[in-house]
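User: Please take a close look at one part of this model, a pair of packed helices, and set it in its surroundings. Please state the cut-offs behind each term.

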Amino acid sequence: MNFRQFAYRNVTRNKRTYVAYFLSSMFTVMVFFSFLLFAFHPTFETINSSVRTGLLTSGGIIYVFSFFYILYSMSTFLQSRKREFGLLMMLGASNTQIKAMVFIENLLIGTFSTMFGISLGLLFAKTILLVAENVLIIDERLHFYVPFEAIIITLISFLALFVIISLFVAFVLRTSRLVALIKSDQTPKKEPKASIFLSVLAGLLLAIGYGIALTVKGVAVVMALIPVVVIVMIGTYFFFTQLSVFIVRFLKRRDYIFYKRTNIILFSDLSFRLKDNARTFFMVAMISTVAFSAIGTLFGLHSYLTDGVIEINPYSISYKMDSDDQPEIMAEEVNYIHSQLKSMGVEATSETIDVAFVDMNEGYIVPVLKESDYNKAAKLIGEPIIDVGEGETIINDQTVAMISDGPKASETLMTFLIDLEGDHTLTPAKVIQTNVFSSMNGSYVINDADYVKLPKTSMNRTSKQVYWMTEELSRDEIVELGEALEEIPPYRVSMIDYTVFQIERGYGPALFVGLFIGLIFFVSAGSFLYFRVFTDVDKEKEKFTMVTKLGLKETELKKIITQQLAILFFSPIIVALIHGGVALTALSHFFDYNLINESALVLGGFTVIQLLYFVLARHFYIKQVKRIL
Amino acid sequence: MLKVNKVSKVYEGKVSYRALSDIDLTVEKGEFVAIMGPSGSGKTTLLNLISTNDTPTTGKIMLNDQQPHTLSKNQLATFRRTELGFVFQDFNLLHTLTVEENMVLPLTLEGIKVKVMKEKARQIAEKLGIDSIMSKRVYEISGGQAQRVAIARAMIHQPSLLLADEPTGNLDSKASKDVMHLLTKLNKEEKTSLLMVTHDAQAASYSDRVIFIRDGQLESEIHRGDNRQTFFQKIIDMLSLMGGETSELSSIRLS
């Protein structure tokens, strides 16, 4: 057996120790490869190059992240093997030999995980492309292809990465004394202490950070961003290193809690494990927060854009001619829309209304509709019809999407009286808020008899508008109709479904890439935890063997493990969820737009993933520990 | 109290190995029995069977008219923490707990009131002379102290049978003597039956009766007379009779 064989056998015959490291490396490779797989898809060559640039940049970010992730995985992995190295050194292995061994191991694991990662990526390639197709809204189908470029780039980048990381071994293994290595897993540690000052500081910093984030509004959000992030980050760090330990110690000192059945075993370890894992928790919490906020922002921005457009355009298609002087063009274009709808076999109802734009006060122009026109349009979209008496006006306020800072439009409109021909005036009777007619300044609805008496002098212009409501259209129909309508100048016609489609097509890549990277961050954060938890499994086994001999029921064992894992798995995620929730609330203050649904969806989704992770980890953990019983 | 009836243990495998065959053994209430024998004789297997860590291939083990091997896993756990006490060679204390916390662990698992627990811990600690180190962590105390803590833990719930696996194996001669004195004292005062596996003739000489096992079978047994010194000599003679040199069997300490 020469040295290379020894290193080789060490890996192949000791799979359990290596499997976690191998799997996380493989997973990283797979993610990177899947990303390249569609970044290099031939379809993107023909569409626009900005998409590809974006994808490749993101690929670079993923690569850098992978580097640190694998480095971290490796160092945890090596830490757990200190004793083995100590034994080898005692048998006379030199430092260089041990480094050589780890180097060979790393190359072996690196090569295999790269190959397996690529293979798995290829296996899932079609699924990934299908998902991408739907999210990205690409006209062409993303067919399956053999991604030579992606394979080669992944292969080279990761083999290089593993070689470079292997060189870092020297740093990880800079241990002083042999004894320390051999006894590394036996030396008992002093019970971690928490400073009261820093614990209070942690709570205070978090409270201040949250307080600022939740109270600032509008543009101030941007100004507060960096200080809040710094405050919260420091707060989070001390939360995990100090406050959490402090809380556990506080609970431990309460005899009626600590001495209650299995609590004694749970809590006795908790302060140690919390302190040991504090940095990991901090990192996981921060990474997850970034993932939550990034995805939440992208997602929120998406609904902010589309919802706003949908709200001010309740009609399937609307056409407006802003002046009466070109009736032929209008007739021609409206006929064109009708005929397009007819030729496509799309059922549609339409209404034509008149709108008078009245100059109320030196350039403050407000649209005025007559009651019958308003009601025709209202019926079209299923809004209630209204009744306006002679001499009265009803104010239709701005729609929610248009509300900005400052007084509402209705408040201004209430102050005006509309002059009619011959000394009559109309007084505002009440305010409604519907989507029937959208205008920044709000609008008036008046009685038909009054409408004809509007003086020509105060009228800025009149306009005719035609609204269509169509049946539900398929995506292909939307595109076909939308493209047909591009014949008409866009300021006269708008088709809401097509507009939304265009927004989504433009926005799709950003959303997709954002989701992808966010998910990677989050999943790798989960793996960090998984890793940490499983490096301690041997020590745990020892402990449980001991306690089982004294008499520990299986249910009690499961209970302890479940509680312990739950605390380890969820404490950073709950912190991240709260951080993320606060961040998204601040964001919604910035946009002045309600993001509750989006936030709940994003945060809820992540919670579900984490729950799955927890269930899996718990299952394997209990299986491992039970094996010794 | 404890009845071991025609117990055999066979380890199945490519080559089946008979670790114990037809062992009969009875321990009366309040009796102190030591089991001796060369390495590989089956001492530890026997102890594992009695401690319910392992199940016999054939035969029956009865403890207080209960047959622990027929109990379910959960019942077994309860059985262990009420009926049995364990003392191990390597103490098996939890590093993350203090001395007192280690001691009350069986009571805590049972859900006893804190006040009762603390009182019991105080009493037994006084008896064992460890009341001054109650709040120390396990790594701060010496081996002899650690073993006394382990004994306290094993005795705190007043088990009917205390099982000791090489309790002096990791201790120096002074500490060994102290621990054995304590064990005999507890045995006499609390009327707890005590079954001890040991290599150490000195430790065995504290018992009422020594049983010798070789190759999985009962070899012989000798009872203690009035004098511990002569008992010790008899044990040494027996060991050398069983084969090998005496020095190989134990590091003999003469007191």
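This is a predicted model: local features need pLDDT of at least 70, side-chain atom pairs count only at pLDDT 80 or more; totals for chains, interfaces and linings use all residues.

Analyst: Residues are numbered from 1 along each chain as its sequence is written, and chains are lettered from A and ligands numbered from 1 in the order in which they are written.

In chain B, helix H4 (residues 114-128) and helix H5 (residues 143-155) have axes that come within 10 Å and cross at roughly 135°. Here helices are DSSP runs (H or I) of at least four residues and strands (E) of at least two, numbered from the N terminus; axes are lines fitted to C-alpha atoms, for helices over the stretch in contact, with angles from 0 to 180 degrees between N-to-C directions. H4(B) and H5(B) are therefore oblique to each other, a class left over once angles under 35 degrees (roughly parallel), over 145 (roughly antiparallel) and 65 to 115 (roughly perpendicular) are set aside. On the side of H4(B), the contact is made by B:Ile124, B:Ala125 and B:Leu128, and on the side of H5(B) by B:Arg148, B:Ile151, B:Ala152 and B:Met155 (contact: C-beta atoms, placed from the backbone, within 7 Å). These residues comprise 6 nonpolar, no polar and 1 charged; Ala, Val, Leu, Ile, Met, Phe, Trp, Tyr, Cys and Pro count as nonpolar, Asp, Glu, Lys and Arg as charged, and the others, Gly among them, as polar.

Elsewhere in chain B, B:His223 belongs to strand E9 (residues 217-223). B:His223 is exposed, with 10 other C-beta atoms within 10 Å (exposed: 12 or fewer such atoms; buried: 20 or more; partly exposed: in between). Beyond its neighbours within four places in sequence, B:His223 is in contact with B:Asp208 and B:Arg209. B:Arg209 is 14 residues away in sequence, with a C-alpha to C-alpha distance of 4.4 Å.

Between the chains, the contact takes 20 residues from chain A and 24 residues from chain B. On the side of chain A that touches chain B, H21(A) gives the largest share, 5 residues. That side has 8 nonpolar, 4 polar and 8 charged residues.

Chain A contains 23 helices and 9 strands. Its radius of gyration is 33 Å, well over the 25 Å that the globule rule gives for 629 residues, so chain A is more spread out than a compact globule; the radius is taken over C-alpha atoms, and the rule is 2.2 Å times the number of residues to the power 0.38. Of the 629 residues of chain A, 37% count as buried.

Technical notes: Two residues are in contact if their C-beta atoms, placed from the backbone, lie within 7 Å.
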